Amino acid sequence: MDSQSHVIKKFNLSGKTAVITGGAGLLGRQHAEALAGAGANCILVDVDNDLLDKTVQTLQLAYPSKIIIGKKTDITSLDEIQALYDYAINKFGKVDILINNAAVNPKMSSADDLKESSRFENFMLKQWEIELAVGLTGAFLCCQVFGSQMALNGSGVILNIASDLALIAPDQRLYRQEGRADDQQPVKPVTYSVIKHGLLGLTKYLATYWADKNVRINSLCPGGVYNNQPETFVQKLTSLIPMGRMADQDEYQATVLFLVSDASSYMTGANLVVDGGRTCW
């Protein structure tokens, strides 16, 4: 067998089924493209039903030979996750891949609506609970439901999407607005850092917990993705990145495919950083 062909086959996901939370979001769609392009059937999960339908329709046109389904699901509800699991099993027989991608991520580059409410001193407990419920508790519940069954089956892969801000604190100077008093400056909320750091802990915990069950769990720390943010914000952020630019929207696809495929078969409990070098500085 040709050695190159042998290596390439490790990226093949034909016959696999993947569940992607936050599937209607910017990166959720990119994750689905990567997996469907490698042969997987995909269930995209989101609470935004309209955007989910549009995303699924676009992907179905691009990958007509794959089954791509959207399921509106509140991942903060154990009952809804269990219903999602039952649907997936009835449809496909098993789930091989889980990507925990869902998050509440305030777009701080246009933070006029947040203003001083994002600041730690004023951050509301209710907002803390909402954001942790989606980004961290939701990942925990999905791992509990889908990962437990993977462990019983003796195989499976979980990928937790973290952030470069799981490794470093946010540089609040990026969000500073001229003419505002210090106590009214918008900031990246504390919840984002806590959630992304928490996902790294969940990854390590489950990687060792299910190591003997052939279930691999890794995390990905992506850097900022360019999505037509204001030029001032982009200039500030790229000045902190050695490569001098933000990531393209499709630039994490190959990395995600590597992490959920047999190409990374000896990798678990690890965190892969793809941030243009930002965390090196």
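Let's start inside the fold, at V56: with a relative accessible area of 7%, V56 is buried. Bear in mind as we go that this is a predicted model. V56 belongs to helix α3, which runs over residues 49–62. Apart from neighbours within four places in sequence, the residues in contact with V56 are L44, I68, I69 and G70. For a sense of distance, take N101, which sits 45 residues away from V56 along the chain; the C-alpha atoms of the two are separated by 16 Å.

Now step back to the whole chain. Eight helices and seven strands make up its secondary structure. The radius of gyration is 19 Å, close to the 19 Å that the globule rule gives for 281 residues, so the chain is as compact as a globular protein of that length. Along the principal axes, the C-alpha atoms fill a box of roughly 60 × 45 × 40 Å. Of the 281 residues, 47% count as buried, so V56, at 7% relative accessible area, belongs to that buried part. Take the contacts between residues at least 6 apart in sequence, and you'll find that 77% of them join residues at least 24 apart.

What about the outside? The chain exposes about 13700 Å², and carbon and sulfur atoms supply 52% of that area. As for charge, there are 25 positive and 29 negative charges, and their mean positions are 4 Å apart.

Next, have a look at helix α8, residues 253–260. This helix is mostly covered, with six of its eight residues buried. Those six are Q253, T255, V256, L257, L259 and V260. And what does the covering? The cover includes helix α2 (26–37) along with the strands β4 (97–100), β5 (156–161), β6 (215–222) and β7 (271–274).

Setting aside neighbours within four places in sequence, S219 is in contact with L159, N160, L200, T203, L259, A270, N271 and L272.

Coming into the strand, N214 is found in the loop between α6 (190–209) and β6. Its phi is near 60°, a positive value in a residue other than glycine. Since its relative accessibility is 48%, N214 counts as partly exposed. Going out of the strand, N228 is found in the loop between β6 and α7 (231–238). Here too the residue isn't a glycine, yet N228 has a positive phi of about 60°. N228 is exposed, with a relative accessible area of 63%.

Loops can hold buried residues too, and L165 is an example. L165 is found in the loop between β5 and α6, yet at 5% relative accessibility this leucine counts as buried. Who are its partners? Beyond neighbours within four places in sequence, L165 is in contact with P170, K188, Y192, S193, K196, H197 and R278. Its C-alpha atom is also separated by 8.2 Å from that of G223, a residue 58 places away along the chain.

Finally, the cysteines. How many disulfides does the chain have? The count comes to zero. C142 is in no disulfide, and the nearest cysteine sulfur, that of C143, is 7.2 Å away. A disulfide would need the two sulfur atoms within 2.5 Å. Likewise C143 is in no disulfide, its nearest cysteine sulfur being that of C142 at 7.2 Å. Are these two cysteines buried or exposed? C142 counts as buried at 0% relative accessibility, and C143 is buried as well, with a relative accessible area of 1%.

Key: Residues are numbered from 1 along each chain as its sequence is written. This is a predicted model: local features need pLDDT of at least 70, side-chain atom pairs count only at pLDDT 80 or more; totals for chains, interfaces and linings use all residues. Side-chain values use heavy atoms; hydrogens and water are left out. Helices (H or I, at least four residues) and strands (E, at least two) are DSSP runs, numbered from the N terminus. The radius of gyration is taken over C-alpha atoms; the globule rule is 2.2 Å times the number of residues to the power 0.38. Buried means under 20% relative accessible area, exposed over 50%, partly exposed in between (1.4 Å probe, protein chains only). Contact means heavy atoms within 4.5 Å. Accessible areas come from the Shrake-Rupley method with a 1.4 Å probe; for residues, only the protein chains shown count as cover. Lys and Arg count as positive and Asp and Glu as negative; His and the chain ends are not counted. The place of a charge is taken as NZ of Lys, CZ of Arg, CG of Asp or CD of Glu.
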